[in-house]
Amino acid sequence: MSQEKVDRYKEEKKNRDKIKKKNKVKKILGIFLVALVIGALIGFPLGRWYYNYRQEHQDKEEIFMAANTYEDWFNKYWVDNYADLYTGSEVASESASEGAPEGTSDIPEGTTGTGDPIKEATEEQATAEKTTEAATTAPADAVSGDQAQ
């Protein structure tokens with residue numbers, strides 16, 4: 001029996017470095033997995049809360065534009081980018097103004113022609129507000145009906 005203990009001790013002594021390395025790797029792997037689980041348990045709900053918080057408190061700008069302006073822009077965008085995928089034919093990307101007489105254009109009057117429908121709609125709205133304001137204000141020398149009597 002004592003000889004068995006001696007043989008086991010010699011084997012252990014011979015493989016001691018391998019055993020230490022295995023134990024060290026197991027320990028590091030265990031620490032990494034525990035840290036990963038703790039990070040997921042804390043980080044996921046915290047990240048989700050932060051995302052929702054940012055979505056709720058984000059400054060949102062409302063932009064209004066005429067429906068026909070958007071429809072024109074969308075139709076042109078769709079034809080330029082996706083029409084050939086669905087129709088099976090290639091659509092020429094030429095604008096309608098190439099075949100039109102000189103002096104005419106497919107860009108509406110009063111727009112910048114930048115291709116940005118939101119910016120153009122905002123400019124149109126500002127122009128319409130100025131026109132409405134000018135039409136509703138009376139000239140300085142005008143007399144109201146109460147003052148005339």
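Predicted model: local features only at pLDDT ≥ 70, side-chain atom pairs only at ≥ 80, totals over all residues.
Colleague: What makes Glu11 and Lys14 a salt bridge?

Modeller: The closest N and O atoms of Glu11 and Lys14 are 3.4 Å apart. The cut-off is 4 Å between a Lys or Arg side-chain nitrogen and a carboxyl oxygen of Asp or Glu, so the pair qualifies as a salt bridge. Glu11 and Lys14 are three residues apart in helix H1, about one helical turn.

Colleague: Why is Lys14 called exposed?

Modeller: Lys14 has a relative accessible area of 62%, and exposed means over 50%; Lys14 is therefore exposed. Glu11, at 41%, counts as partly exposed, because that class lies between 20% and 50%.

Colleague: How many salt bridges are there by this rule?

Modeller: The count is two. Besides Glu11 with Lys14, Asp80 and Lys76 meet at 3.0 Å, N to O. Asp80 and Lys76 lie four residues apart in helix H3.

Colleague: Why is the pair of Trp73 and Tyr77 called stacked?

Modeller: The structure holds five aromatic pairs. In the pair of Trp73 and Tyr77, the ring centres are 5.4 Å apart and the planes stand at 20°. Pairing requires centres within 6.5 Å, and stacking requires planes under 30 degrees apart, so this pair is stacked. Ring pairs also link Trp73 and Tyr77 into a cluster with Tyr70, Phe74 and Tyr82.

Colleague: How do you know that Tyr53 is partly exposed?

Modeller: Its relative accessible area is 38%, which falls between the limits of 20% and 50%, so Tyr53 is partly exposed. Tyr53 belongs to helix H2 and contributes to a nonpolar surface patch of about 960 Å², whose members include Trp49 and Tyr50.

Key: Residues numbered from 1 in each chain as written. Heavy atoms only, no water. Patch = residues over 30% accessible without salt bridge, like charges linked within 9 Å, V, L, I, M, F, W, Y side chains within 5 Å. Areas by Shrake-Rupley, 256 points an atom, 1.4 Å probe, with all protein chains shown as cover. Helix = DSSP H or I, 4+ residues; strand = E, 2+ residues; numbered from the N terminus. Buried < 20%, exposed > 50% of the residue type's maximum accessible area, 1.4 Å probe, protein only. Phe/Tyr/Trp six-rings, centres within 6.5 Å; stacked < 30°, edge-to-face > 60°.
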